[in-house]
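Here are my comments on the model you sent over. Have the structure open while you read.

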Amino acid sequence: MSTEAESREYTIDELAAASQVPSRTIRFYHSKGVLPRPEMRGRVAFYGAAHVERLRLIASLQDRGLRIDAIRDLVTRIDKGE
C-alpha cells in the first residue's frame with residue numbers, strides 16, 4: 001500500500017464507498033466490537049487504512065462462515081497480538 005493510501009482519511013460515507021460496505025453495516029460492526037472506533041474531530045468521524053483492511057478481513061471471515069461473535073473474538077485476539 002502506498003503512503004498516500006495509508007494516510008488517507010475517510011468519512012463514514014467515503015469509507016462505505018471505498019469498501020463497498022454500507023454505512024449502516026459499518027455502524028453495526030462498531031456496536032459489535034469488530035471494527036475499531038474512528039478518530040473523532042468535533043462531530044465528524046474519520047477512518048483510515050486500518051479500517052478498510054479490517055472491513056476486508058471481516059468480509060473474508062464471513063465468507064468462510066464465521067458469525068459476528070466469533071469474528072469479534074478473533075479480532076480481539078489479533079488486536080492483543082495473540
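The points below cover helix geometry, helix packing and salt bridges.

1. Keep in mind that this is a predicted model. Every value here is computed from it.

2. Start with helix α4, which covers residues 49–63. After α4 comes Gly65, with a positive phi near 95°.

3. Within α4, Arg56 and Glu53 sit 3 residues apart, about one turn of the helix. Residues three or four places apart in an α-helix point the same way, because there are 3.6 residues a turn. The two side chains form a salt bridge, 2.6 Å from N to O. Glu53 is partly exposed, at 35% relative accessible area.

4. How do α2 and α3 pack? Their axes are 9 Å apart, at an angle of about 105°. That makes α2 roughly perpendicular to α3. On the α2 side, Ile12, Asp13, Leu15 and Ala16 meet Ser23, Ile26 and Arg27 of α3. Sorted by class, this contact has 4 nonpolar, 1 polar and 2 charged residues.

5. The salt-bridge count comes to 7. One of them joins Glu14 to Arg8, with the closest N and O atoms 4.0 Å apart. Glu14 is partly exposed at 36%, and Arg8 is partly exposed at 36% too. Arg77 pairs with Glu82 at 3.1 Å, N to O, and Glu82 is exposed, at 62% relative accessibility.

6. Finally, look at Glu9, Glu39 and Arg41, which are linked in a salt-bridge network.

How values were computed:
Residues are numbered from 1 along each chain as its sequence is written. This is a predicted model: local features need pLDDT of at least 70, side-chain atom pairs count only at pLDDT 80 or more; totals for chains, interfaces and linings use all residues. Side-chain values use heavy atoms; hydrogens and water are left out. Helices (H or I, at least four residues) and strands (E, at least two) are DSSP runs, numbered from the N terminus. The expected span of a helix is 1.5 Å times one less than its number of residues. Axes are lines fitted to C-alpha atoms, for helices over the stretch in contact, and angles run from 0 to 180 degrees between N-to-C directions. Angles under 35 degrees count as roughly parallel, over 145 as roughly antiparallel, 65 to 115 as roughly perpendicular and the rest as oblique. Contact means heavy atoms within 4.5 Å. Ala, Val, Leu, Ile, Met, Phe, Trp, Tyr, Cys and Pro count as nonpolar, Asp, Glu, Lys and Arg as charged, and the others, Gly among them, as polar. Buried means under 20% relative accessible area, exposed over 50%, partly exposed in between (1.4 Å probe, protein chains only).
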